[in-house]
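Student: Please walk me through this one. Keep it quick.

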Amino acid sequence: IWHTLRLYFAPFVENQVQELSVEHGQGYFDDDCKLSLQGYGGNFDGVDIPEIIHVRVARPDLVVPLREISVQPNTFTTLPVYLDTKPSLGTYITATSSDPTRATINGPLLVYDTSVQVFTISHVEPGPTTITFSVSALKPGSTYSNVTLALSLSVDVTALGSGFIVSSSQVNILQHTPQTITIGPDAIPDSRVELIVETEPVGIVSVSPSVVYFGQGIPSQFATFQ
């Protein structure tokens, strides 16, 4: 509490207000601070109001805006995070994948401020994994040297399997008025891919072409069917 030792109010004056400045005391733990008031003088002499003001002191923390994310095969995605309190010294942010056979994450990241930092999550095999976090400071006694993050601070990652993107799930066809649709892989193929289009029941409509190929390592490929 930054103020003089006592606050003074003039006699016989109504609606007087004094301001207190409450500042963080450089501790790095969750805690509660309780402020009490005592009055002296005149009709306020002996007025005692214990623990009238509660101040919640929050420890420094890591902010992770996204809690669910997916990544396509043969690609990567990014995960932003940031410190909510400026560190007094360099601080490492470490992210760990619970199953690196599904997806991996880079790091640790060494940061010196509260700007947004970006991790990279890379696809390995289809399946789920969970990213958890920890922080550590370069030296003891700095802002994040004794901070333990909440166990609930995690990101659920789904490493997707391969599939196809279809321009429309339904088309209406009149006689002599063919419609077109486009189909393409939703990830970069790691080998040549053959796509066969079949109709069911057979004989009601025809699709041309019935077979197309997508090249290895080529992004954003699409084929047109009629």
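Student: Where is proline 108 placed?
Tutor: Proline 108 is in the loop between β7 (103-105) and β8 (109-111). Strands (E, at least two residues) and helices (H or I, at least four) are DSSP runs, numbered from the N terminus. This is a predicted model, where local features need pLDDT of at least 70, side-chain atom pairs count only at pLDDT 80 or more, and totals for chains, interfaces and linings use all residues. Residues are numbered from 1 along each chain as its sequence is written, and side-chain values use heavy atoms, leaving out hydrogens and water.

Student: Which kind of peptide bond runs from glycine 107 to proline 108, cis or trans?
Tutor: Cis, with omega near 5 degrees. Most peptide bonds are trans.

Student: And what joins glutamate 200 and proline 201?
Tutor: A cis peptide bond, with omega about -5 degrees. Proline 201 is in the loop between β14 (193-196) and β15.

Student: New topic. How many aromatic pairs does a search of the whole structure find?
Tutor: Two. Rings of Phe, Tyr and Trp (its six-membered ring) pair if their centres lie within 6.5 Å; planes under 30 degrees apart count as stacked, over 60 as edge-to-face and the rest as tilted.

Student: Why is the pair of phenylalanine 119 and phenylalanine 133 called tilted?
Tutor: Because their planes are at 55 degrees. The ring centres are 6.3 Å apart. Phenylalanine 119 is in strand β9 (residues 117-123) and phenylalanine 133 in strand β10 (residues 127-137), 14 residues apart.

Student: Is phenylalanine 119 buried or exposed?
Tutor: Buried, at 0% relative accessibility. Buried means under 20% relative accessible area, exposed over 50%, partly exposed in between (1.4 Å probe, protein chains only). Phenylalanine 133 counts as buried at 10%.

Student: What about phenylalanine 164 and phenylalanine 214?
Tutor: They form a tilted pair, 6.3 Å centre to centre, with 40 degrees between the planes. Phenylalanine 164 sits in strand β12 (residues 164-166), phenylalanine 214 in strand β15 (residues 211-214), 50 residues apart. Phenylalanine 164 is partly exposed at 41%, while phenylalanine 214 is buried at 3%.

Student: Last bit. What is the phi of histidine 176?
Tutor: Near 70 degrees, a positive value in a residue other than glycine. Most residues other than glycine have a negative phi. Histidine 176 lies in the loop between β12 and β13 (181-185). Histidine 176 counts as exposed, at 72%.
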